[in-house]
Amino acid sequence: MPVVDLRVDRSLLCPNFDGYKLSFDPVPVIQQELLSTPPLKMLPHSDQYSLLHAEAFGRHNMLCPDPWLRENCYYINKSRQVVLCSYDAQDGRPRQQRVVHTVEEQDRGDGYQQSGGAYNYTLRFVSEKYCVLCDGITMYYLLDTGDRSRASSTASWQLLTQTQISQESGNRGFVLYDARLDVVQERKQISLLAGHVGRRVSTRADRADTFYMDLTWGCWTQTPTPSDAWSYSIREELDTTGSIYYCAFEPRAESVVFSTNRELLTKSQRVAAPPCAAVQPQNGEDVEMAAAPAYTWTQTDEDVLIRFHLPAGATRNDFNIHSTNSQLEVECLAETLLTGTLYANVDRDLTTWTVENDCLQLTLNKLQQQSWPHLLADGEAALPEGEANVDPLPDRSLPIPNLEDPIEDCDLGLPDVDVKLVRFNLGSGDITHTIFLGSTPPLFTTSLRAGFPAAFATRQGVDAALWLQAFQPAKPGEWSVRHEGNLHAFAYVQASKEQRKFTDCCPDLDYAVICEGLRHVLIYKSRYDSAGGLRKRNGPQVVIGKQHLVSISDEVGEILGLSTARNVITILTEKAVLYLQV
């Protein structure tokens with residue numbers, strides 16, 4: 001399985017950026033009253049108490065932007081109406097809110113009430129003409145929006161088709177993660193991916209139930225008939241017990257990219273996985289757990305450093321090290337500490353070792369600059385001869401952080417978390433590419449270009465780097481990500497905002513915004529000025545960014561949604577819609 005590196009474009013970096021300066025310039029805020037009824041906000045049921053439930057409800061952005069017209073955004077109110085909020089950039093003021101569609105209520109055994117495990121509505125635009133609506137219960141709706149670019153249009157959206165997300169599973173309560181329109185063999189195809197938090201009941205009294213995210217990959221295909229009917233089918237079913245930080249189809253929707261902190265499995269892989277049976281003692285003897293590894297290792301792009309603890313009474317003369325370009329074997333006092341084929345080739349002439357502070361340090365020089373996901377090619381160290389072949393503990397072969405670099409609290413990431421970005425291909429039915437993100441999940445996701453997969457932001461030092469999928473139609477087996485832009489020092493700023501609820505940036509990266517749940521909105525503009533000509537000693541001019549702090553009246557209630565455009569930030573609250581002119 002190929003491992004993809006995040007290669008930073010150094011031309012996008014600003015090495016002389018010196019942080020943000022608090023600005024006292026006022027940010028104009030226009031408050032617009034809601035059209036009729038307040039936004040529809042669903043709350044978790046009493047049995048929806050897991051972390052996955054909290055993320056599905058707490059992270060949900062109830063204000064959906066239009067990627068093709070960023071000044072337009074939509075929300076659903078308690079009357080099941082889709083309401084348009086539009087900002088006129090030329091006049092510098094919002095337009096009157098307008099209802100564009102009303103969802104027909106259906107009785108699903110709950111008396112027309114959206115309750116009992118229902119999630120919030122989700123709206124996704126897939127083209128200039130179509131959008132997909134998920135009602136948070138069991139249904140998809142495909143809507144024809146007409147020409148949304150006409151500000152004077154008063155036409156309502158038309159319902160083209162509707163279908164149940166997963167009729168066979170009988171699950172109730174879905175959230176739509178992504179939707180994409182492609183033209184395949186002259187037929188329109190809309191790929192859909194929705195998630196449902198499932199629960200596996202434990203049969204043992206000493207184990208708790210397991211919650212997992214059940215992912216349904218569905219597809220609408222337009223039949224080439226005079227009626228242009230749409231047919232729905234399920235292409236794949238996946239699940240993971242981890243959080244979903246990012247989810248986006250690649251162009252042509254033959255693969256989907258996830259970011260999660262647990263393994264992603266198909267339904268067939270889950271059924272075929274052997275159950276975890278407890279190890280039983282035999283003949284009254286205690287079963288010994290797998291011994292801890294005799295070494296630890298860390299790496300940079302150029303080198304690999306392996307550390308071995310000296311056994312009691314051992315000296316440097318007791319070590320026997322045999323190293324080639326691809327093989328490594330380390331012995332001490334006739335005991336094999338490490339042997340096997342390295343993940344990639346090294347330069348044997350530059351291999352060095354030394355003994356310091358009761359520790360043998362072995363340094364390998366990589367032939368190619370890349371990040372190794374494992375030290376050995378098979379992902380684990382070969383066991384010494386004569387020991388039982390016991391599977392190693394999870395993540396034992398992963399590198400430890402480089403302890404030689406200075407770190408701060410926010411550098412540590414989440415405890416006991418290994419976040420990956422994986423590409424699942426439908427044709428092979430398995431994961432084809434992996435990006436290791438360490439213990440820090442993506443900072444946020446956003447849409448930079450209409451019709452393109454969503455971008456994701458990762459921490460690169462103190463900066464936030466934004467990445468886009470790089471898909472090559474002529475080489476579908478190859479996949480990578482491209483460094484699209486950089487938000488200077490924003491990762492360090494974002495890590496300190498513990499009360500943040502929504503994080504986003506402008507499509508042209510002129511500013512980034514952090515929105516708290518109740519009162520504060522923080523705006524960061526990195527392209528500000530050169531600090532009045534100030535310089536560091538013997539260095540270039542210092543670049544200073546601008547920070548705005550906007551306080552919102554608590555009379556408008558909780559902040560429910562956020563949308564960004566070039567000159568305006570739209571915020572949905574319980575009692576009003578706010579437009580921040582930036």
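Colleague: Which strands form the open sheet, and in what order?

Modeller: Bear in mind that this is a predicted model. The open sheet has 4 strands in the order β16-β17-β26-β27, with antiparallel pairing.

Colleague: Which are the edge strands?

Modeller: Those are β16 (244-249) and β27 (430-438), and each of them pairs on one side only. From one strand to the next, the twist averages 15°.

Colleague: How many bridges join β16 to β17?

Modeller: There are 5, and β17 covers residues 255-260. Phe249, for instance, has Val256 in β17 as its bridge partner.

Colleague: New topic: is Thr216 buried or exposed?

Modeller: Thr216 counts as buried, because its relative accessibility is 2%. It sits in strand β14 (residues 210-222). Beyond its neighbours within four places in sequence, Thr216 is in contact with residues including Phe174, Leu192 and Ile234.

Colleague: And how many aromatic pairs are there?

Modeller: The count comes to 18. Take Tyr74 and Trp157: their ring centres are 5.2 Å apart and the planes are at 50°, so this pair is tilted. Tyr74 is in strand β4 and Trp157 in the loop between β10 and β11, so the pair ties together parts 83 residues apart in sequence. Both residues are buried.

Colleague: What about Phe444 and Phe490, how do their rings sit?

Modeller: That pair is edge-to-face, because the planes are at 90°, with the centres 6.3 Å apart. Phe444 and Phe490 also belong to a cluster linked by ring pairs, along with Phe17, Tyr20 and Tyr524.

Colleague: Where does the charged end of Arg200 sit?

Modeller: Over the ring of Tyr212, 3.8 Å from its centre.

Terms used:
Residues numbered from 1 in each chain as written. Predicted model: local features only at pLDDT ≥ 70, side-chain atom pairs only at ≥ 80, totals over all residues. Heavy atoms only, no water. Pairing = 2+ DSSP bridges. Helix = DSSP H or I, 4+ residues; strand = E, 2+ residues; numbered from the N terminus. Axes fitted to C-alpha atoms, helices over the stretch in contact; angles between N-to-C directions. Buried < 20%, exposed > 50% of the residue type's maximum accessible area, 1.4 Å probe, protein only. Contact = heavy atoms within 4.5 Å. Phe/Tyr/Trp six-rings, centres within 6.5 Å; stacked < 30°, edge-to-face > 60°. Lys NZ or Arg CZ within 6 Å of the ring centre and 35° of its normal.
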